[in-house]
Amino acid sequence: NNFLIKFKREVKMPEYRKIVIEAGPGGWGGPMTVEPKPGRELIASVTGGGIHPVAQKIAELTGGKAIDGFRGGAPFDQIACAVIDCGGTARVGVLPMKKVPTVDIYPTKPAGPLFRFITPEYFVSGVRVEDLE
């Protein structure tokens, strides 16, 4: 007697949660809502040093997936939120221009040629890990 046992593999869909991020000390913007969705669950750390602790914490709180944005980029429409370390105007303006919610760890204020795209809805700065509790 041979018995055939079938194993049913359950595939769990990720549970995403919405968070609201406020500006940190000396920061600007927000409150900004971050809510990953299927196909747009990436928390991109664009800080040049792996995955920044702020990006990791946002991923933990939302159920998103933290990635190193410099090592393996992603299309803008797959990014739920980007964490940057920019005190200038490039990443500060480009990501909000593409409608990517952007969290700057520096207390940056809107400036430069992309000023008009840097809105509280898509940009918040001065954010620290302890501001995400």
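Let's start with I19. I19 sits in strand β1, which covers residues 19-21. Keep in mind that this is a predicted model.

Is I19 buried or exposed? Its relative accessibility is 11%, so I19 counts as buried. The cut-off for buried is under 20% relative accessible area.

What does I19 touch, once neighbours within four places in sequence are set aside? The list is M32, T33, V34, I58, L61 and T62. Take M32 from that list. M32 and I19 are 13 residues apart along the chain, and their C-alpha atoms are separated by 8.3 Å.

Now the whole chain. The protein chain has two helices and seven strands. Reading from the N terminus, the order is β-β-β-α-β-β-α-β-β. The chain has 133 residues, and 40% of them count as buried. I19 is one of the buried residues.

On to contacts across the sequence. Take the pairs at least 6 residues apart in the protein chain. Of those contacts, 53% join residues at least 24 apart.

Next, the surface. The protein chain exposes about 7,900 Å². Carbon and sulfur atoms supply 54% of that area.

One spot on the surface to point out. F76, V94 and M97 form a nonpolar patch there. Together the three have about 200 Å² of accessible area.

Where is F76 placed? Look in the loop between β4, residues 65-68, and β5, residues 79-84. The relative accessible area of F76 is 34%, so F76 counts as partly exposed.

Notes. Residues numbered from 1 in each chain as written. Predicted model: local features only at pLDDT ≥ 70, side-chain atom pairs only at ≥ 80, totals over all residues. Heavy atoms only, no water. Helix = DSSP H or I, 4+ residues; strand = E, 2+ residues; numbered from the N terminus. Buried < 20%, exposed > 50% of the residue type's maximum accessible area, 1.4 Å probe, protein only. Contact = heavy atoms within 4.5 Å. Areas by Shrake-Rupley, 256 points an atom, 1.4 Å probe, with all protein chains shown as cover. Patch = residues over 30% accessible without salt bridge, like charges linked within 9 Å, V, L, I, M, F, W, Y side chains within 5 Å. Salt bridge = Lys/Arg side-chain N within 4 Å of Asp/Glu carboxyl O.
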